[in-house]
Amino acid sequence: CEIARILYQQQQYNHAIYWYQKAIYPPSKSIGRLYHVGFHDLIPYIEMALCYYQVQQYELAIYYNQKALDIDPTNKTALMNHKFYLEKYDTTHTKD
């Protein structure tokens, strides 16, 4: 997650997405490293949704944010982002 966070701050969103995906699917829990559930699901999903938002892929932003909400339906950040992403998606898909 840390590499992805740095890349996000540098506005390298596609590279950040790659590293957030790696965080979601870690090699193995049994390799002797510390394993924190939030770092391998909820947080990367929220952050990956932000990256997709930044590259204007709103459907994917909504999708990954929903995966975060599936894990924790009460997460305030994911709930707030969900509403925001839906509003953004609706305004970009409204026909004149």
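Leu42 touches Ala68, Ile71, Asp72 and Asn75, leaving aside residues up to four places away in sequence. The model behind this report is predicted. Leu42 is found in helix α3. Is Leu42 buried or exposed? Its relative accessibility is 13%, so Leu42 counts as buried, because buried means under 20% relative accessible area. Leu42 also has a distance to Ile24 on record here: the two are 18 residues apart in sequence and 8.6 Å apart in space, C-alpha to C-alpha.

**The overall plan**

Now step back to the whole protein. How many helices and strands does the protein have? The secondary structure comes to 5 helices and 0 strands. Along the sequence, the pattern reads α-α-α-α-α. The protein has 96 residues, and buried residues make up 33% of them.

Two packed pairs can be set out together.

| Helix pair | Residues | Angle | Axes apart |
|---|---|---|---|
| α1 and α2 | 2-9 and 13-24 | about 165° | 8 Å |
| α3 and α4 | 42-54 and 58-71 | about 165° | 8 Å |

Take α3 and α4. Their angle is about 165°. That makes α3 roughly antiparallel to α4, because angles over 145 degrees count as roughly antiparallel. The crossing of α3 and α4 is left-handed. Which residues make the contact? From α3 come Leu42, Tyr45, Ile46, Met48, Ala49, Tyr52 and Tyr53. From α4 come Tyr58, Leu60, Ala61, Tyr64, Asn65, Lys67, Ala68 and Ile71. By class, this contact of α3 with α4 holds 13 nonpolar residues, 1 polar and 1 charged.

Now α1 and α2. They pack at an angle of about 165°. Therefore α1 and α2 are roughly antiparallel to each other. Their crossing is left-handed. On the α1 side, the residues are Ile3, Ala4, Arg5, Leu7 and Tyr8. They meet Tyr13, His15, Ala16, Trp19 and Tyr20 in α2. The contact of α1 with α2 has 8 nonpolar, 1 polar and 1 charged residues.

**Aromatic rings**

A pair of aromatic rings is described by two values: the distance of the centres and the angle of the planes. How many aromatic pairs are there? The count comes to 9.

One of them joins Tyr52 and Tyr64. This pair is stacked, at 5.6 Å centre to centre with 10° between the planes. The pair links distant parts of the chain. Tyr52 sits in helix α3 and Tyr64 in helix α4, 12 residues apart. Both Tyr52 and Tyr64 are buried.

Tyr64 also pairs with Tyr63. That pair is edge-to-face: 4.9 Å centre to centre, 85° between the planes. Tyr64 has a relative accessible area of 15%, so Tyr64 is buried.

Finally, the cluster. Ring pairs link Tyr45, Tyr52, Tyr63 and Tyr64 into a cluster. Among these, Tyr45 and Tyr52 belong to the α3 side of the contact with α4, and Tyr64 belongs to the α4 side. Leu42 is part of that contact too, on the α3 side.

How values were computed: Residues numbered from 1 in each chain as written. Predicted model: local features only at pLDDT ≥ 70, side-chain atom pairs only at ≥ 80, totals over all residues. Heavy atoms only, no water. Axes fitted to C-alpha atoms, helices over the stretch in contact; angles between N-to-C directions. Helix = DSSP H or I, 4+ residues; strand = E, 2+ residues; numbered from the N terminus. Parallel < 35°, antiparallel > 145°, perpendicular 65-115°, else oblique. Left-handed = near helix turned anticlockwise from the far one by under 90°. Contact = heavy atoms within 4.5 Å. Nonpolar A, V, L, I, M, F, W, Y, C, P; charged D, E, K, R; others polar. Phe/Tyr/Trp six-rings, centres within 6.5 Å; stacked < 30°, edge-to-face > 60°. Buried < 20%, exposed > 50% of the residue type's maximum accessible area, 1.4 Å probe, protein only.
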